[in-house]
Amino acid sequence: MTDQDTQPEFKEPKKWRVHHLMQAKRAGRKLTMITAYDALTAPIFEEAGMDMILVGDSYGNVQLGYGSTIPVTIEDMERATASVARSVSRPLIVGDLPFGTYEHSPQIAFENAARLIRVGANAVKFEGGAELADTVKLLTQSGIPVVGHLGFTPQSENALGGPRMQGRGDAKQKMIEDALALQEAGAIAIVLELVPAPVATEVTAALDVPTIGIGAGPQTDGQVLVWADMAGMNDWVPSFVKKFADARALLRSAVEDYRDQVQDGTFPGPENYKSN
Ligand code: KIV
């Protein structure tokens, strides 16, 4: 008997909702997620068939010019989430809770999560393990689906000593326990960032809810990438990112052509203006 004989069939949804995630995992249908922060890029990613859009706090690095995600505010995330939500209909929209908006108490987390849900997020994500299980529980019971985030958690980069693999050695067991605690509390999926592939495979096997990997190898239930990295908007990308295009070169070349044609008088041409 093959996996295909035993796995339930997955019917592609018209609109991705939380229950589709576990159905996809059971059917062995890999999940696709990409970040977006605005109404310009999100519809392109929807057209390209992304299942989920993460309005990540990587917004801080990618578009706001910060060196980390730490300065990002709930107002920043609210505006970015609202822009994405206004421009797509099919993908599940996950809004990231930024640093300082959820760690202190479940009630504070609820109030900030509600701000993202009000502007159109279908779920929120925040970083941390079992210590946030009560927060996951309160939000879930209040109608706010939660995506967990384990492994390297960029908002804790100061405590973690920078972007480093997490979950090696004895830390593996703790990561599995954290993942189970988040699932038990109601998390609908868990992002695993910078985790050795065999550890991500074990966490994935231990859970009923899907794992979404970034720098965690091929055995997670889905993958997520920061759009600007995968599209080649930056010259340097981390080794776990594949550049699927060279969008930076394409855009630069278009703007250079524009500059040249303005300077040599070929733009605007007769087709670009009216004579009467
Ligand atoms: O903010 C973000 O883009 C993220 C991904 C890296 C998972 O959290």
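Me: What follows α9, and what is the phi of that residue?

Reply: α9 is followed by G186, and the phi of G186 is positive, near 120 degrees. Helices here are DSSP runs of H or I with at least four residues, strands are E runs of at least two, and both are numbered from the N terminus. This is a predicted model, in which local features need pLDDT of at least 70 and side-chain atom pairs count only at pLDDT 80 or more, while totals for chains, interfaces and linings use all residues. Residues are numbered from 1 along each chain as its sequence is written, and side-chain values use heavy atoms, with hydrogens and water left out.

Me: How do you know that α9 reaches close to its expected length?

Reply: The expected span is 1.5 Å times one less than the number of residues. α9 has 15 residues, for which 21 Å is expected, and its first and last C-alpha atoms are 21 Å apart. α6 also passes this check: 13 residues should span 18 Å, and its end C-alpha atoms are 18 Å apart.

Me: Which residues of α9 are buried, and what covers them?

Reply: M175, I176, D178, A179, L182, Q183 and A185 are buried in α9. Buried means under 20% relative accessible area, exposed means over 50%, and partly exposed lies in between (1.4 Å probe, protein chains only). The cover includes α7, β5, β6 (189-193) and α10 (197-206). Contact here means heavy atoms within 4.5 Å.

Me: What makes the buried residues of α7 a single side of the helix?

Reply: The buried residues of α7 (133-141) are A133, T135, V136 and L139. They cover an arc of only 160 degrees around the axis, so they lie on the same side of α7. The arc is taken from the directions that run from the helix axis to the C-beta atoms. The face turned away from that side carries the exposed residues D134 and Q141. Among the elements covering the buried residues are α6 (106-118), β4 (123-125), β5 (146-151) and α9 (171-185). Just after α7, G143 has a positive phi of about 90 degrees.

Me: Which residues of α6 are buried, and what do they pack against?

Reply: In α6 they are A109, N112, A113, A114 and L116. They pack against α5 (74-87), β3 (92-96), β4 and α7.

Me: Why is L97 called buried?

Reply: L97 has 0% relative accessibility, so it counts as buried. L97 is found in the loop between β3 and α6. Leaving out residues up to four places away in sequence, its contacts include A109, N112, A113 and L116. The C-alpha atoms of L97 and A113 are separated by 6.8 Å, although the two are 16 residues apart along the chain.

Me: Why is the pair of R90 and E12 called a salt bridge?

Reply: A salt bridge is a side-chain nitrogen of Lys or Arg within 4 Å of a carboxyl oxygen of Asp or Glu. The closest N and O atoms of R90 and E12 are 3.7 Å apart, so the pair qualifies. R90 lies in the loop between α5 and β3, and E12 in the loop between α1 (3-6) and α2 (18-27), so the pair ties together parts that are 78 residues apart in sequence. R90, at 22%, is partly exposed, and E12, at 41%, is partly exposed too. E12, R29, D51 and R90 are linked in a network of salt bridges. By this rule the count is 11 salt bridges.

Me: Which side chains meet R115 in salt bridges?

Reply: E75 meets R115 at 3.2 Å, N to O. This pair links helix α5, where E75 lies, to helix α6, where R115 lies, 40 residues apart. E78 meets R115 at 2.9 Å. E78 lies in α5 and R115 in α6, so this pair ties together parts that are 37 residues apart in sequence.

Me: Why is V255 called partly exposed?

Reply: V255 has 48% relative accessibility, so it counts as partly exposed. V255 lies in helix α12 (247-264). With L251, Y258, V262 and F267, V255 forms a nonpolar patch on the surface, with about 470 Å² of accessible area together. Patches take residues with over 30% relative accessible area and no salt bridge, joining like charges within 9 Å and nonpolar side chains (Val, Leu, Ile, Met, Phe, Trp, Tyr) within 5 Å. Accessible areas come from the Shrake-Rupley method with a 1.4 Å probe, and for residues only the protein chains shown count as cover.
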